[in-house]
Amino acid sequence: MSGGSERVPRLAATGPEPGQGRGPRFGRGPGRGGFHGPPGMMPAERARDFKGSLRRLLRLLAPYRLATLMVVALALGSVVFSIVGPRILGNATNLLFEGIIGKQFPAGLSVEQVDRMLRAAGRQELADMLGRMNVVPGRGVDFAAIRSVLLAAAMLYVLSAAFSWAQHYIMAGVSQRLVYRLRRDVDAKLARVPLKYYDSNTRGEILSRVTNDIDNIASTLQQITTQLITAAVTVVGVLYMMLSISPLLTLMALATLPLSLIVTLGIAGRSQRQFAAQWESTGKLNGHIEEMYTGHTVVQAFNGQEKALRAFDDENARLYAAASRAHFISGIIMPAMHFINNLNYVGVCVIGGIRVARGLITLGDVQAFIQYARQFSQPISQTASIMNVLQSTVASAERVFEVLDEAEETPDPAQPVRLPRVAGRVEFRNVSFRYKPDVPLIENLNLVAEPGQTVAIVGPTGAGKTTLVNLLMRFYDVDDGAITIDGVDIRAMSRDGLRSLFGMVLQDTWLFEGTIRENIAYGCRDDRCPPGEEEILAAARAARVDHFVRALPEGYDTRIGDDASTISQGQRQLITIARAFLADPQILILDEATSSVDTRTELLIQQAMAELMKRRTSFVIAHRLSTIRNADVIVVMNQGRIIEHGNHESLMAAKGFYYDLYNSQFSKAFAEAV
Amino acid sequence: MTYVLRYLKPYWKQLTMVSVLLLVQSLSNLYLPDLNARIINEGIAMGDIDTIVRIGLVMLAVTLLLAGCSMLAVFLTARSAMGFGRDLRRAVFAKVQSLSQAEVNRFGAPSLITRTTNDVQQMQMAVLMGFNMMFSAPIMSVGGVIMALRQDVPLSASIIVIVPLMALVVGLVMRRTMPLFKLQQRKIDRLNQVVREKIAGVRVIRAFVTTEREASRFNEANLDLTNTALTIQRTMALVMPSLMLIMHLSAVAIMWFGAHRIDSGAMPLGNLTAFISYVMQILMSVMMAVVMLVMVPRAVASAERVQEVLAEVPSVAGPAALEGPSEAEDESPADPMPEGIVEFRDVGFTYPGAEAPVLSGVSFVARPGEVTAIIGSTGSGKSTLVNLIPRLYDATDGALLIDGVDVRDIPLKRLRGMVGLVPQKAFLFSGTVASNLRYGKEDAAEAELWKALDVAQAKGFVSEMPGQLEAAIAQGGTNVSGGQRQRLAIARALVKRPRIYVFDDSFSALDFATDARLRAALRKQVGDATVFIVAQRVSTIKDADRIVVLDKGQVVGIGTHAELMTSCEVYKEIVRSQHAEEEIA
């Protein structure tokens with residue numbers, strides 16, 4: 001592992017900053033942290049196996065079968081009620097209309113008499129219209145009838161709203177629980193995959209699957225399910241109602257359907273392309289911004305500002321062109337749909353009006369029909385935008401499933417050998433290992449470390465000195481031969497059992513967000529957890545941590561973390577040493593740092609490490625001459641391979657690579673020193 | 001906020017145009033139900049088919065006008081909003097380019113990135129979506145009210161009841177969920193952090209057999225987030241059903257009261273249908289406006305954060321009198337070749353807002369052909385000291401002079417052209433090896449690049465890379481090792497052939513052998529340039545002509561290795577700490 005700074009790709013991981021994260025959404029488009037456009041404007045991220053992944057995503061709903069069925073039933077109820085509503089209101093209009101017409105004629109006349117009167121007066125059309133109606137001449141508006149109709153409509157609306165609310169409520173529970181389980185499963189999975197997975201994927205890549213992708217699913221799942229169900233039910237229900245009112249008008253309304261489909265799909269396809277271009281430019285531009293900001297020092301020191309600005313302007317102009325095209329094209333979907341709907345509206349008004357006038361249909365029915373026609377086109381355009389969201393959700397789900405499908409470590413033996421206390425004799429017996437099958441790395445290595453001995457691993461920068469650590473800790477398994485501890489093959493033990501025997505202090509000082517006390521306590525072994533205050537202090541003192549911690553205003557309760565600048569790099573390393581002291585292992589793996597540690601802390605680290613190594617078998621990735629010369633076994637590595645091993649005298653006598661290395665690196669540097 | 005809105009100014013013509021179009025669009029939208037009412041009153045009620053067709057044609061014309069206006073408005077809004085975003089983004093980026101390291105550190109690079117990308121994007125979307133709404137919602141509401149009044153005055157009173165009711169529902173839900181959204185973001189951040197730690201520390205976690213503890217740490221954060229998200233979603237589940245209910249019940253109520261009005265002859269039947277349409281339109285506008293209102297706090301927050309950057313005054317700026325025309329003449333051959341005598345004259349530096357100075361009373365002179373080393377413990381101010389030379393920071397006390405001229409009187413570009421800096425963090429840009437090496441000198445020939453690589457001990461690995469000089473370098477140089485990165489950064493400074501070299505702890509990732517070879521080659525290469533080396537290792541600097549020992553921001557010793565070994569306690573301590581064991585060995 002290089003000491004390079006961790007960088008998380010995708011800006012979503014660096015931002016948004018607290019306080020300006022995701023805002024509330026009214027069931028709108030998906031958000032990946034930052035740069036998302038309005039709904040349905042995600043980049044066209046397509047899943048590789050859309051159907052398969054969608055089916056698998058749906059299968060995740062299986063444990064919530066009952067709740068999901070409820071949701072479907074509630075959606076059905078809610079939609080049906082809201083669909084019947086306009087029809088009933090239409091009846092109220094009819095009653096009203098009849099009352100008003102009826103009032104125009106003197107009471108006592110029969111309908112036939114009125115009809116004759118009208119035809120005599122040449123008002124044929126009005127007479128036709130009345131023929132379809134239930135007019136009682138002379139009687140005014142029947143308010144009792146209207147009241148009961150309106151009350152029924154109100155009841156239906158209330159029920160519809162209640163159902164709709166219950167549906168959303170239940171679905172929220174289902175989707176959140178599902179996402180919770182998905183996160184838990186992925187986390188559990190990440191604990192079971194071999195180290196190889198971590199070494200062959202970037203941190204950012206893994207991170208974004210656990211966070212961004214699952215977040216994306218979390219925020220869209222409910223929206224998709226409820227809207228799709230509602231849309232489907234609405235289309236069917238509304239179509240039925242329209243047909244029941246007037247097949248002719250329905251035909252007329254449906255005539256514009258292909259038109260709206262063509263328009264929606266045509267525009268959506270075009271805008272997808274523009275959005276893809278916009279997304280690409282955004283990515284490039286943001287990459288440039290990120291790069292220039294992180295490298296600000298270099299940009300300034302090398303007079304690179306103008307160059308940076310030129311590159312920025314180029315991409316910014318491309319982004320502008322793509323973005324304004326994309327937003328224009330996607331922006332005209334709504335007006336276009338509106339236009340088509342209005343065509344419909346005018347058509348229904350005119351044809352419906354003529355038919356009412358001819359007495360073929362009632363006014364209330366036409367009114368209801370107009371409302372239905374509007375309701376009908378809505379779910380169709382809604383579905384178009386939902387499909388985009390669905391695309392990105394399934395693509396996210398697929399990436400999460402990929403993690404879940406990763407090969408796991410070979411299982412531990414059923415009856416693992418337990419070594420509660422070991423002497424610490426470590427032997428490599430005919431060990432062969434390669435990371436890549438075609439690149440030989442370690443061939444037939446034999447090596448013994450007796451209890452209490454020190455093995456120094458030396459070699460130039462980048463010689464692959466961590467490979468031995470990987471094998472000892474079973475982060476990777478040997479291809480051939482065996483590694484034994486006190487004569488027991490390490491593969492006969494459980495991984496946890498094996499690792500409990502080791503203490504590890506790496507150059508890559510990993511501390512987690514928490515107090516110094518918690519970070520030291522991290523080293524405790526299962527049987528002594530959590531450790532007592534005395535144990536922590538003892539470990540801290542042994543690791544030379546105590547004195548500087550006491551100087552901190554909050555002492556052991558000082559919070560440290562990923563990037564905390566409260567303590568220096570060297571002090572971080574001391575804390576990891578304290579952790580190892582607390583673990584009190586029989587075998588040690590140490591990495592002597594060369595990176596920026598100031599000289600006084602360096603001295604403390606040396607003292608602490610020397611103390612830690614007493615009476616313990618130690619494997620040290622060594623940089624210091626004293627460590628190397630005093631080691632019982634020196635393993636010399638170059639370009640990933642072990643090329644020599646032995647003690648200092650024997651290696652010097654062999655006049656091989658070590659001899660050269662020693663002469664070039666150390667003798668001159670230090671013989672002259674001081 | 002207003003400051004940021006200035007960037008809308010260039011688009012005022014388009015936006016005025018959009019407002020007019022939106023006005024026409026809203027009015028035609030309102031006209032349609034009126035026409036519908038007339039179809040009923042004048043056509044259907046009279047049984048007059050001619051009238052029905054005639055009004056129908058008018059409706060068609062209005063519909064066409066509507067579509068035309070909307071599309072033109074969308075076109076102009078998209079261009080204006082995206083143009084606004086483009087200009088604002090450029091302004092922020094250019095501003096950051098002009099800021100000194102001090103300001104960049106204060107904001108933090110990640111925050112500046114978010115401000116330039118996310119926040120500008122956020123505002124751009126607010127303009128795009130908001131502009132339409134902000135104009136059409138009030139027009140539609142006011143117009144709707146006027147039209148409703150035209151249909152029937154007493155019935156219009158219903159609007160006074162319905163609209164506040166809707167606002168109340170939305171307001172209550174918002175008041176409850178807004179803080180929850182903030183909370184949710186914090187919990188997402190927390191979860192992400194746990195995951196990040198677990199990925200970074202996977203070896204440690206497995207080595208310490210703490211997988212289970214880690215799982216429970218994760219689950220705690222997971223459960224916490226799930227609960228908050230659930231509360232939010234369940235609360236939000238109320239919004240749409242209740243708004244729809246209010247709308248539907250309003251229609252029912254209007255039917256009821258309207259029926260009485262019609263019965264009493266105060267209002268024609270067709271007006272009722274139109275009235276309901278208008279009320280629905282008003283309510284829809286109100287709902288849209290509410291949705292838009294949700295965007296406002298975010299957009300304002302973004303605007304403030306962008307504004308903070310734009311308002312920042314760079315603490316390091318070129319000399320006022322010389323800026324401008326003379327900048328252009330920087331490269332002119334008339335400028336005498338600088339000698340490179342660097343003098344620190346009683347230099348002090350205090351970070352803005354900090355209590356104690358990082359540096360104080362530093363005085364010494366470094367001359368061409370000399371190597372000046374700076375050593376001291378972490379936090380002693382070594383990096384700060386050398387960063388003052390290319391004016392990444394400005395001294396807050398005293399003065400730094402090059403060839404006798406205060407650096408603040410030298411045009412920035414010229415000053416930085418003289419200095420070759422190898423920063424502590426060897427940052428490489430994405431591109432190729434060659435594009436990185438040429439960063440300080442665009443026209444450098446290939447031979448020059450190879451020469452620099454040779455000196456920097458990087459020739460070996462570069463010639464083994466596929467494509468050699470044209471080998472790809474990932475952003476930040478993550479595809480080469482730390483030691484290789486440092487050597488490439490050194491080569492980059494060498495290609496520039498500056499008068500003054502600054503190596504800020506640039507050898508730390510190199511092993512001793514490479515370090516030694518590199519320094520030997522460097523000595524020959526830099527010739528009579530002035531060299532500064534900041535180092536941790538005594539072995540790196542003990543041959544220097546002058547070693548400046550810093551302790552807590554003050555110079556505690558200046559001299560050669562031999563001199564300091566006799567005179568400087570701090571230096572002796574440093575040497576002892578590094579070589580105690582070797583001496584014994």
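A: The account below takes the helix contacts and then the sheets. This is a predicted model, in which local features need pLDDT of at least 70 and side-chain atom pairs count only at pLDDT 80 or more, while totals for chains, interfaces and linings use all residues. Residues are numbered from 1 along each chain as its sequence is written, and chains are lettered from A and ligands numbered from 1 in the order in which they are written.

In chain B, helix H6 (residues 157–200) and helix H8 (residues 211–236) have axes that come within 9 Å and cross at roughly 160 degrees. Helices here are DSSP runs of H or I with at least four residues, strands are runs of E with at least two, and both are numbered from the N terminus. Axes are lines fitted to C-alpha atoms, for helices over the stretch in contact, and angles run from 0 to 180 degrees between N-to-C directions. H6(B) and H8(B) are therefore roughly antiparallel, a term for angles over 145 degrees; under 35 counts as roughly parallel, 65 to 115 as roughly perpendicular and the rest as oblique. Their crossing is left-handed, meaning that the near helix is turned anticlockwise from the far one by less than a right angle; clockwise would be right-handed. The contact of H6(B) with H8(B) comprises 13 nonpolar, 6 polar and 7 charged residues. Nonpolar covers Ala, Val, Leu, Ile, Met, Phe, Trp, Tyr, Cys and Pro, charged covers Asp, Glu, Lys and Arg, and polar covers the others, Gly among them.

In chain A, helix H16 (residues 533–542) packs against helix H18 (residues 569–583) at about 125 degrees, with axes 8 Å apart. This angle makes H16(A) oblique to H18(A), and the crossing is right-handed. H16(A) contributes Glu535(A), Ile536(A), Ala539(A), Ala540(A) and Ala542(A), and H18(A) contributes Ala578(A), Phe581(A) and Leu582(A); contact requires C-beta atoms, placed from the backbone, within 7 Å. By class, this contact has 7 nonpolar, no polar and 1 charged residues.

Turning to the sheets, 4 strands of chain A form an open antiparallel sheet in the order E2-E1-E4-E5, where pairing requires at least two DSSP bridges between strands. Strand E2 (442–449) and strand E5 (488–489) of chain A each have a single partner strand, so one side of each lacks a neighbour in the sheet. Within this sheet, 5 bridges join E1(A) (residues 426–433) to E4(A) (residues 480–485), and Glu427(A) stands opposite Thr484(A). Chain B has an open antiparallel sheet of 4 strands in the order E2-E1-E4-E5, with E2(B) (359–366) and E5(B) (405–406) as edge strands. There, 5 bridges join E1(B) (residues 342–349) to E4(B) (residues 397–402), and Glu343(B) stands opposite Leu401(B).

How values were computed
Contact = placed C-beta atoms within 7 Å.
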